[in-house]
Amino acid sequence: MTAPRIAIGGFLHETNTFGPSKATYEDFAGGGGSGRMLRGAEIIDTCRNINAAISGAIREGEAEGWDLRPTLFCATSPSAHVTVDAFERIAGEIIERIEAELPLDGIFLDLHGAMVTEHHDDGEGELLARLRDKLGWDIPIVVCLDLHANVTAKMFEMADVLESYRTYPHVDMAETGLRGAKALGRMLTGPKPEKAMRVAPFLTAIAWQCTHAEPARGLYALLEELAGTDREMSFNMGFPAADFPECQMTVLAYGPGAAEAADKMMAAIEAAEPAFKGKVWTPEEGVAEAMRLAAAPGREGPVVISDTQDNPGAGADSNTTGMIRAMVALGARGAIGNLFDPAAAQAAHAAGAGATVTLTIGGQSGVEGDAPFTADFLIESLSDGSFEAKGPFYRGRVLNMGASACLKLGDLRIVLVSAKAQMADQEMFRQVGIEPTEEPILIVKSSVHFRADFEPIASTLMVCAAPGPMAVDPALLPWQRLRPGVRVGALGPVFKPETETA
């Protein structure tokens, strides 16, 4: 019996259409914290044992004896739109490489689900539609998606199964790929499943989507129950920073009774709407409270503050200075990372470890209330920025943050880097000589992913909203193109196009 020929590949980007910088071809080629672009056999060698959906597909395919045909795999940090050049070159190469592998029995793709390009609102739907135009409808296509996918009608139509992560922080990416590959395996010998899609009437802020806490924890437990052993089901909480009509939360169900299962899941989501909220501190109020908590007798572990509005995992550039100013103003002891400023990092390397130098860092976001910060910093240590991540989120990846430094100003230490990646692994502090467990306050430029590695060492978790591109409340964003009638945030205002309000 001939082994099934399965093409595999990936093209991942989460787009914040309000973000300050776009994703170029060079960003995907280099990858930053996501790793460089891979082609052919190196995809299998590099991705087999990392926390990525394609990893689960590789392992399942090898276990089942499939003839895996790797094509192209790339990802880069979230940002504003993917450029026309980047999308056309990468999508074109993926399709060409898949066509070159014909005949095929199936296709597995690792995509994000929230890609917006300069010329297409729905990057994934466009890629899948082009594949169908070339290959027809006989070859089954399974796509694994991020939990933050803004699933569109086109994506749902073009793929036979869309399978999404069930954890945030996303520690189950490989497991999701395994589920997706198993779904593909069933279609190799049987029919394609019946399917159903439901759309929620509201958006939710990513800061309150963590599956460690309610309401998401209970909703995903229900999802597991409804999926059982005979269905594929996904609850996509969406990415509420993409200004187009299908920015939305969705439920997907595949298999017997798909419609009924999707209805039950959506009813539970709608009932949970009031619970998608939480406490947000201003920078100085948050730092003052963190200082009080850190000084409490018997405290064990640092107070960890999420600098959520400068999360590079949501399209910010990881370079705002609001939390630095608050720490300095209050004389707080602690560490903050990562601050993305390649020019300042190069200046620190030129000055050398041990030097005290006047630097102007960050503040390039263009957001009102953010500005560059100038001070005389001690260059405490330098690093080339290359290290292996050990936490659950980046698990197994070798990250390259480029020229890096630890800047010291009073009792504050700052991790200065030359590549964007959200602070979601303790090794990101250690790579410049900061031991995170010994700091009373840690400020991380991440919204939720940091919790996978920092929650176990934290005495308290807090969320602060310093000026930044990723608004903690979706209602604060200048929406223009959402679906009329959708609530912008849990129990938030109803979106009305300007033409309706004029």
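Student: What does it take for two strands to pair, and which residue in E18 is the bridge partner of Ala335?
Tutor: Two strands pair if DSSP finds at least two bridges between them. In this predicted model, strand E11 (residues 334-340) and E18 run parallel and are joined by 3 bridges, so the pair meets that definition. The bridge partner of Ala335 in E18 is Leu442.

Student: In which sense do strand E10 and E18 pair, and which residue stands opposite Val444?
Tutor: E10 covers residues 303-307 and pairs with E18 over 4 bridges. The sense of this pairing is parallel. Opposite Val444 in E18 stands Ser306.

Student: Are the residues of strand E18 buried or exposed?
Tutor: E18 covers residues 441-444. Ile441 and Ile443 point one way from the strand, while Leu442 and Val444 point the other way. Buried here means under 20% relative accessible area. On both sides, the residues are buried.

Student: How many helices and strands does the protein chain have, and what is its radius of gyration?
Tutor: The protein chain has 15 helices and 19 strands. For 502 residues the globule rule gives 23 Å, and the radius of gyration is close to that, so the chain is as compact as a globular protein of that length. The radius of gyration is 22 Å.

Student: What share of the contacts with a separation of 6 or more joins residues 24 or more positions apart?
Tutor: Contact means heavy atoms within 4.5 Å. Among contacts in the protein chain with a separation of 6 or more, the share from residues 24 or more positions apart is 74%.

Terms used
Residues numbered from 1 in each chain as written. Predicted model: local features only at pLDDT ≥ 70, side-chain atom pairs only at ≥ 80, totals over all residues. Heavy atoms only, no water. Buried < 20%, exposed > 50% of the residue type's maximum accessible area, 1.4 Å probe, protein only. Rg over C-alpha atoms; globule rule 2.2 N^0.38 Å.
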